[in-house]
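Subject: Structure handover and notes

Dear colleague,

I am handing over the structure below, together with notes on what was found in it. Please have it open while you read.

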Amino acid sequence: MRVLLSFEEKYRVYGQAMASAIRQFRPDVEVAVVDGEGLEEEAERFDPQLVITSPPAPESLVDDRLARIELSPEPDQPSKFRVGERQWETTNPTLGEILPVVDETKRLRREAREEQEGPNDT
């Protein structure tokens, strides 16, 4: 599974720290970090299943991804989450709220691949 993080320059350190944490706690996940200006090109090249942005990415860029998180730069403003068809908001989310999104996205990706491959003849 692939996760793409995109943050404005002034939040770049935050994005790098989050990428490091995801790599540490989910070592089987590929993680890439790009600044906001390179998001579109990197999304096409890297083809992530989960996109984490701050500020929000254009809808057209992330609509076809399994999941996305739009992290608000303001701690008192809600961040937006979407995994599959499920959507919710939370204020000032922690890594403990982000890692389950990674896990759920991995599960959805695995189920989609199994559905495409069909049942095994064993």
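The notes below go from the chain as a whole to the sheet, the helices and some single residues.

This is a predicted model, in which local features need pLDDT of at least 70 and side-chain atom pairs count only at pLDDT 80 or more, while totals for chains, interfaces and linings use all residues. Residues are numbered from 1 along each chain as its sequence is written, and side-chain values use heavy atoms, with hydrogens and water left out.

**The chain as a whole**

The secondary structure comes to 4 helices and 6 strands, where helices (H or I, at least four residues) and strands (E, at least two) are DSSP runs numbered from the N terminus. Along the sequence these elements follow the pattern β-α-β-α-β-α-β-β-β-α. The radius of gyration is 14 Å, close to the 14 Å that the globule rule gives for 122 residues, so the chain is as compact as a globular protein of that length; the radius is taken over C-alpha atoms, and the rule is 2.2 Å times the number of residues to the power 0.38. The C-alpha atoms fill a box of roughly 55 × 30 × 30 Å, taken along the principal axes.

Buried residues make up 40% of the 122 residues, with buried meaning under 20% relative accessible area, exposed over 50%, and partly exposed in between (1.4 Å probe, protein chains only). The chain exposes about 7,400 Å², of which carbon and sulfur atoms supply 45%; these areas come from the Shrake-Rupley method with a 1.4 Å probe, and for residues only the protein chains shown count as cover. Among contacts (heavy atoms within 4.5 Å) between residues at least 6 apart in sequence, 46% join residues at least 24 apart.

**The sheet**

The 6 strands form an open sheet in the order β2-β1-β3-β4-β5-β6, with mixed pairing; two strands pair if DSSP finds at least two bridges between them. Strands β2 (30-35) and β6 (86-91) stand at the edges with a single partner strand each, so one side of each is left without a neighbour in the sheet. From one strand to the next the twist averages 15°; axes are lines fitted to C-alpha atoms, for helices over the stretch in contact, and angles run from 0 to 180 degrees between N-to-C directions.

Strands β3 (residues 50-54) and β4 (residues 67-70) run parallel and are joined by 4 bridges, and threonine 53 stands opposite glutamate 70 in β4. Helix α1 (residues 12-25) packs on the sheet, where it touches β1 (2-7), β2 and β3, and its direction makes about 175° with that of β2. Strand β5 (residues 78-83) runs antiparallel to β6, with 6 bridges between them, and the bridge partner of valine 83 in β6 is arginine 86. The hairpin of β5 and β6 has 2 residues between the strands, and in this hairpin glycine 84 takes a positive phi near 60°.

**Helices and single residues**

Isoleucine 22 lies in helix α1 and is buried, with a relative accessible area of 0%. Leaving out residues up to four places away in sequence, isoleucine 22 touches Val3, Pro27, Val29, Val31, Ile52 and Leu99.

In helix α2 (residues 39-46) the buried residues are Leu39, Glu42, Ala43 and Phe46. Seen down the axis of α2, these fall within an arc of 105°, so they line one face of the helix; the arc is that of the directions from the helix axis to the C-beta atoms. The face turned away from the buried side carries the exposed residues Glu40, Glu41, Glu44 and Arg45.

The loop between α2 and β3 holds aspartate 47, which is partly exposed at a relative accessible area of 40%, and glutamine 49, which is buried at 10%. Not counting residues up to four places away in sequence, glutamine 49 touches Met1, Arg2, Arg65, Leu66, Ala67, Thr105 and Arg109.

Most residues other than glycine have a negative phi. Aspartate 47, although not a glycine, has a positive phi of about 50°. Asparagine 92 likewise has a positive phi of about 50° without being a glycine; asparagine 92 lies in the loop between β6 and α4 (95-117) and counts as partly exposed at 48% relative accessibility.
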